[in-house]
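The following paragraphs lead the reader through one structure, beginning with a loop residue and its surroundings and then turning to aromatic rings.

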Amino acid sequence: MDETDFWELIDGSRAAAGGDPEEQADALVERLLGLAPDRVVDFARHFEERYNRAYTWDLWAAAALMLDGASDDAFDYFRCWLIGQGRHVFEGALDDPDQLARLVGDFDEDTDGDAEELGYAADEAYEQLTGVVMPDLRLPPAPPEPLGGYLDFDDDAALAERFPRLWTRFRR
């Protein structure tokens, strides 16, 4: 599976779900069930690589602004949601998290920004296809700490300066 195939599965599942993160996870599982198990493993590798790339202080701060706070778990689920938004949004956010203010349309902090189930879709599909758990993906370990420079999420002035668009749109 190449990167284009990966993003087509993400985009197709998001479109089928009408943007609902829980329904997107179900739609993705259904699509993955139509693949051979080795392609599901490939999909899982692509997902995990992007999930780890998104482990940055800047994206965590963006999540904190958009969600009015973001614990460790909330940031994990936010990264899954970010991948679920598709290549354009994901790459744009990695390039400059402040662009999420314009890349993301309507945003309901109660339902958006949290796609925990999306992170388990490949595991679920693989188990249904094979009856066993997903094998080790043989990827480098996730970074022990977020990448980039530390940001104090309680420093309103620093956040407003670093993320002026997100601050204007999401800060209450």
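D114 is found in the loop that runs between helix 7 (100–103) and helix 8; helices are DSSP runs of H or I with at least four residues, numbered from the N terminus. The model is predicted: local features need pLDDT of at least 70, side-chain atom pairs count only at pLDDT 80 or more, and totals for chains, interfaces and linings use all residues. Residues are numbered from 1 along each chain as its sequence is written, and side-chain values use heavy atoms, with hydrogens and water left out.

With a relative accessibility of 41%, D114 counts as partly exposed (buried means under 20% relative accessible area, exposed over 50%, partly exposed in between, with a 1.4 Å probe and protein chains only).

The structure also holds 14 aromatic pairs. Rings of Phe, Tyr and Trp (its six-membered ring) pair if their centres lie within 6.5 Å; planes under 30 degrees apart count as stacked, over 60 as edge-to-face and the rest as tilted. The rings of W57 and Y150 have centres 4.9 Å apart and planes at 80°, so this pair is edge-to-face. Because W57 belongs to helix 4 (residues 57–67) and Y150 to the loop between helix 8 and helix 9 (156–162), the pair ties together parts 93 residues apart in sequence. W57 is buried, at 13% relative accessibility, whereas Y150 is exposed, at 58%.

The rings of F78 and W81 have centres 5.4 Å apart and planes at 35°, so they form a tilted pair. Both F78 and W81 are buried.

Technical notes
Helices (H or I, at least four residues) and strands (E, at least two) are DSSP runs, numbered from the N terminus.
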